[in-house]
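Student: I am new to this structure and would like to go through it step by step. Could we begin with the core?

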Amino acid sequence: MEITPKWDLCEGSFDTKDVKMTCVGSDRQGSIVLGVSEPHCSTIYPVAKIKLFSRDLYVDFKETCDDAKKLGDEIARRWNEAEEKL
């Protein structure tokens, strides 16, 4: 399936059959992000943020960071291992 995002400083589209998903955690930004990258490019494009807390407090991020990273890694693993992608 061809996806055309609208990101600053980036043009074009990607095919979901070709991309690899990865999970990236940033303690400094207080976020866990799922991203995709194409085989010929090392840039990771963010597509989803994993947030396991309701208040936007850094202390809440820190308390849930490990579990959010585990969830992100599991989502990425399942995506990458899926035999059929649209």
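Student: Which residues touch the most other members of the largest nonpolar core?

Tutor: This is a predicted model. Its largest nonpolar core has 14 residues, and those touching the most other members are Met21, Ile32, Leu34, Val36, Ile50 and Phe61.

Student: What is Ile50 in contact with, leaving aside its neighbours within four places in sequence?

Tutor: Ile50 is in contact with Ile32, Leu34, Ala68, Leu71, Gly72 and Ile75. One of these, Ile32, also stands opposite Ile50, which lies in E5.

Student: How do E4 and E5 pair, then?

Tutor: They pair in the antiparallel sense, over five bridges.

Student: And how many bridges join E3 to E4?

Tutor: Seven bridges join E3 to E4, and these two strands also run antiparallel. Within this pairing, Thr22 has Gly35 of E4 as its bridge partner. The hairpin of E3 and E4 has four residues between the strands, and Gly30 takes a positive phi near 65° there.

Student: Why is E4 described as largely enclosed by the rest of the structure?

Tutor: Six of the seven residues of E4 are buried, so the strand is largely enclosed by the rest of the structure.

Student: Changing topic: how many disulfides does a search of the whole structure find?

Tutor: The search finds zero disulfides. Cys65, for instance, is in no disulfide, and the nearest cysteine sulfur, that of Cys23, is 9.1 Å away.

Student: Is Cys65 buried or exposed?

Tutor: Cys65 counts as buried because its relative accessibility is 16%, and the cut-off for buried is under 20%. Cys41, at 25%, counts as partly exposed.

Student: Now the charged residues. How many salt bridges does the structure hold?

Tutor: It holds eight salt bridges. One of them joins the side chains of Arg55 and Asp60, at 3.0 Å from N to O. Asp60 counts as buried, because its relative accessibility is 10%.

Student: Which residue forms a salt bridge with Asp67?

Tutor: Asp67 forms a salt bridge with Lys70, and the closest N and O atoms are 3.9 Å apart. Both residues lie in helix H1, three residues apart, which is about one turn of the helix. Lys70 is exposed, with a relative accessible area of 55%, whereas Asp67 counts as partly exposed at 45%.

Methods
Residues are numbered from 1 along each chain as its sequence is written. This is a predicted model: local features need pLDDT of at least 70, side-chain atom pairs count only at pLDDT 80 or more; totals for chains, interfaces and linings use all residues. Side-chain values use heavy atoms; hydrogens and water are left out. A nonpolar core is a set of buried Ala, Val, Leu, Ile, Met, Phe, Trp, Tyr and Cys residues joined through side-chain atoms within 4.5 Å. Buried means under 20% relative accessible area, exposed over 50%, partly exposed in between (1.4 Å probe, protein chains only). Contact means heavy atoms within 4.5 Å. A disulfide is a pair of cysteine sulfur atoms within 2.5 Å. A salt bridge is a side-chain nitrogen of Lys or Arg within 4 Å of a carboxyl oxygen of Asp or Glu. Two strands pair if DSSP finds at least two bridges between them.
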